[in-house]
Amino acid sequence: MTTNSFSKPHSAQNVTDYPNNNTYFLVWNFKAAVDQAAIKSTFQSICALVINLNNSGLNRFPDSKASCVMGIGYDAWLQLGLPQPLPKELKRFEPITGGKHTAISTKGDLHFHIRADNKSLAYDMSSALSEFMSPIADCIVEVQGFRYWDSRSILGFVDGTENPHGADREHFAIIAEEDPYYKGGSYLFVQQYLHNLDAWKLLSTEEQEKVIGRSKDQDIEMSDEVKPKNSHIALANVGDDFKVVRDNMPFGNVATNEMGTYFICYASTFSTVEKMLNNMFIGNPEGNYDRILDFSTAKTGSLFFAPSLDMLDEFGG
Ligand code: HEM
């Protein structure tokens, strides 16, 4: 275990940027058969590589808004001997089981969120990471998300409108004095959802709007009198003081008919995300669950911690 002696300034990884045109989401799990020393030394190189990739992307292609954010799961944190005590709310994500739908928990050691308007750059960043990672870990999730029209989810509704904007993004996404040692870090939560688009398309536009709680074409929120209590936004909105920065991206594979949403959010407190998930899956009141789940199945669910850049630098030796 490393002792807690970190005392530098705390600039965050790129957790407050908006989704851009192309994104790679990668989840890697350490191989059981690999020597611990090899895992630790590769992890150090990866920390340095992530910083290098961000700097290089900015320098070479400033218009591409490229970045790579790395998150570390609870088990990996312990395995790597990273500082203790851990970030206050970093734990293994426990499944949330409602009467009808479950937010499952799946293992994830390291998560990479790679964004670039230029897909070549996003691919090169993913490929560079993979060269380092492959000897010590397996990539168990790769999702290539893309901007769908005017920021629509594959369900056809604009996604991201009620996200915090301006200074609020930093406020809701990045840890400040509430956990001083981990200042500049963020909780990173992801779920890969598959949508039943066949069933979704059987609904009229009016019915779909009742599921989301907003108009489809114009992206206008329904008034409280009209908005159904089991609509997505009625349940996901847990109050003005509890927000997260969402960077969801749609993905789609016509050959396998796997169309979905990669849900990803950054938060200064994981309990805020849990409030949203409880409302969606268990319901508020219990049983009044989110109707979006009748058309969406969570195939993964993992919590990570995205340390500040300074801390990554420290981890990189
Ligand atoms: C099934 C995958 C999901 C899809 C397709 C989806 C899509 C959407 C859409 C279209 C909106 C309305 C526009 C907007 O404000 O962004 C929205 C709002 C929102 N979603 Fe989701 N979402 C999904 C999962 C989740 C999950 C898992 C959470 C939380 C853990 C969540 C939290 C929110 C929040 C907080 C809002 C804003 C509510 C408000 O204040 O009006 N979403 N989502």
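Biologist: What makes β7 and strand β12 (residues 302-306) count as a pair?
Modeller: In this predicted model, β7 and β12 are joined in the antiparallel sense over five bridges. The criterion asks for at least two bridges, so the two strands pair. Within β12, Leu303 is the bridge partner of Phe189.

Biologist: Which sense, parallel or antiparallel, does the pairing of β7 with β10 have, and over how many bridges?
Modeller: Antiparallel, over eight bridges. Phe189 stands opposite Cys265 in β10.

Biologist: How do you know that β7 and strand β11 (residues 296-298) pair?
Modeller: Three bridges link β7 to β11, in the antiparallel sense. At least two are required, so this counts as pairing. Tyr193 stands opposite Ala298 in β11.

Biologist: Why is β7 called largely enclosed?
Modeller: Nine of its 10 residues are buried, so β7 is largely enclosed by the rest of the structure. A residue is called buried if 20 or more other C-beta atoms lie within 10 Å of its own.

Biologist: What does Cys265 touch, leaving out residues up to four places away in sequence?
Modeller: Phe189, Val244, Val245, Arg246 and Val273. Cys265 is also listed with Tyr266 and Ala267 as having the most contacts inside the largest nonpolar core, which has 83 residues. Strand β10 (residues 258-267) gives the largest share of this core, seven residues.

Biologist: Which residues of the shell around the ligand are the closest?
Modeller: Glu162, Ala236, Asn237, Met276 and Ser296, out of 23 residues that surround the ligand. The elements giving two or more residues to this shell are β7 (186-195), α7 (232-236), β10 and α8 (270-281). By type, the shell divides into 12 nonpolar, eight polar and three charged residues.

Biologist: What class does Lys65 fall into, exposed, partly exposed or buried?
Modeller: Lys65 has 19 other C-beta atoms within 10 Å. Buried needs 20 or more and exposed 12 or fewer, so Lys65 is partly exposed. The phi of Lys65 is near 50 degrees, and Lys65 is found in the loop between α1 (36-60) and β2 (67-73).

Biologist: Where does Pro285 lie?
Modeller: In the loop between α8 and β11. The peptide bond from Asn284 to Pro285 is cis, with omega near -5 degrees.

Technical notes: Residues numbered from 1 in each chain as written. Predicted model: local features only at pLDDT ≥ 70, side-chain atom pairs only at ≥ 80, totals over all residues. Core = buried A, V, L, I, M, F, W, Y, C linked by C-beta atoms within 7 Å. Helix = DSSP H or I, 4+ residues; strand = E, 2+ residues; numbered from the N terminus. Contact = placed C-beta atoms within 7 Å. Near = placed C-beta within 6 Å. Nonpolar A, V, L, I, M, F, W, Y, C, P; charged D, E, K, R; others polar.
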